[in-house]
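The sequence and structure come first, and the description follows.

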Amino acid sequence: MDERSGGRRTKDNIRIYEPADFAGMHAAGRIAAEILDEIIPLIRPGQTTGEIDRVITELVEAKGARSATIGYKGYQHASCISVNHVVCHGIPGEKTLKDGDILNVDVTVIVDGWFGDTSRMYVAGKLSRKAERLIEVTHDALFKGIEAVKPGNTFGDIGHAIQTYVEANRMSVVRDFCGHGLGRVFHAPPNVLHYGQPGTGPVLEEGMFFTIEPMVNLGRPETKVLADDWTAVTRDKSLSAQYEHSIGVTSDGCEIFTLSPGGVFHPTYR
Ligand code: MF3
Ligand code: CO
Ligand code: CO
């Protein structure tokens, strides 16, 4: 049987991985997270997003990994770099970072067939108070979602935890993009919504691997995709932020595969 289609599946077509599979996900997740650690010195005013992506491409290769995004549905880069009001899927290029820009860098690598997918926020130069609040709330919203992960809870519980936290801070959760199952493939069932009602959706089981990757806007939640067919922006031009971890459900909670080896996931490391 094709390895990508093997294993047990739930009635919602969610693959259940074996305990031994966690090690493969840890290895892939660690490399993705190392790359996000190592690009920190590059994030400064005057830098182009294309140069950041070029370095990421080199790091992927130097670590013996493969980029999951190069060639994915025609995408040609090793990262997505989403600046300010770009919600996700920003294409690296000649755009120069300026003082106070906030950006999400999203990297997915393949290591021995396992996918590691993570993204986090960076700041070029000086962080404004409103951007700082947005970044803080988005980071903490991801962890509210992660705290809801344990067997017996549902995907709706995860979305609800994120949504209530974000909206209590008078920000909005993007509805147009979601997290996803992953493992031996990049995007698999289920869709991991970052909003929802408690007790709804598929029930979490040990051995499920998926991402949680909330996108949070300072203004309204609506997005639109630009003419390049990738770049998603906020319709009202408000600032947007995102954090993403790849995780696996354990007997009593979850393991995060993409923890920052340097402990620099959140920009308050500075
Ligand atoms: N890494 C993104 C995610 O979190 C997907 C990027 S696909 C690309 O699912 F083609 F835009 F790179
Ligand atoms: Co993802
Ligand atoms: Co990603």
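The site of the cobalt ion (ligand 2) is irregular, with angles of 51 to 160 degrees among its 6 donor atoms. Donors here are N, O and S atoms within 2.8 Å of the metal (3.2 Å for Na, K and Ca); water is not among the atoms, so sites may look incomplete. Four donors count as tetrahedral if all angles lie between 85 and 135 degrees; four count as square planar and six as octahedral if opposite donors are over 155 degrees apart and all others between 65 and 115; anything else is irregular.

This is a predicted model, in which local features need pLDDT of at least 70 and side-chain atom pairs count only at pLDDT 80 or more, while totals for chains, interfaces and linings use all residues. Residues are numbered from 1 along each chain as its sequence is written, chains are lettered from A and ligands numbered from 1 in the order in which they are written, and side-chain values use heavy atoms, with hydrogens and water left out.

The protein donors of the cobalt ion (ligand 2) are Asp117 (OD), His180 (NE2), Glu213 (OE) and Glu244 (OE), at 2.0 to 2.2 Å. Along the chain these donors follow the spacing D-x62-H-x32-E-x30-E. Helices (H or I, at least four residues) and strands (E, at least two) are DSSP runs, numbered from the N terminus. Both Asp117 and His180 are buried. Buried means under 20% relative accessible area, exposed over 50%, and partly exposed in between (1.4 Å probe, protein chains only).

Asp106 is buried at a relative accessible area of 12%, and Glu244 is buried at 0%. The two cobalt ions, ligand 3 and ligand 2, are 3.3 Å apart, and Asp117 coordinates both.

Ligand 1 is surrounded by 14 residues, and the closest are Asp106, His180, His187, Glu213 and Glu244. A residue counts as near a molecule or strand if one of its heavy atoms lies within 4 Å of it.

| Residue | Ligand 1 atom | Distance |
|---|---|---|
| Asp106 | nitrogen | 3.1 Å |
| Asp117 | oxygen | 3.1 Å |
| His187 | oxygen | 2.8 Å |

The protein covers 96% of the 340 Å² of accessible area that ligand 1 has on its own. Accessible areas come from the Shrake-Rupley method with a 1.4 Å probe; for residues, only the protein chains shown count as cover.

One of the metal donors also has a protein partner: the side chain of Glu213 makes a polar contact with the side chain of Thr211 (2.8 Å). A polar contact is a pair of N or O atoms within 3.5 Å; within protein, one must be able to donate a hydrogen and the other to accept it, and residues adjacent in sequence count only if both atoms are side-chain atoms. Thr211 is in strand S11 (residues 209–212) and is buried, at 0% relative accessibility.

## Backbone details

Pro189 and Pro190 are joined by a cis peptide bond with omega of about 5 degrees, and Pro190 is in strand S10 (residues 188–192). Asn84, a residue other than glycine, has a positive phi near 55 degrees. Asn84 is in the loop between strand S4 (79–83) and strand S5 (86–88) and is buried at 14% relative accessibility. His89 is not a glycine either, and its phi is positive at about 60 degrees. His89 is found in the loop between S5 and S6 and is partly exposed, with a relative accessible area of 27%.
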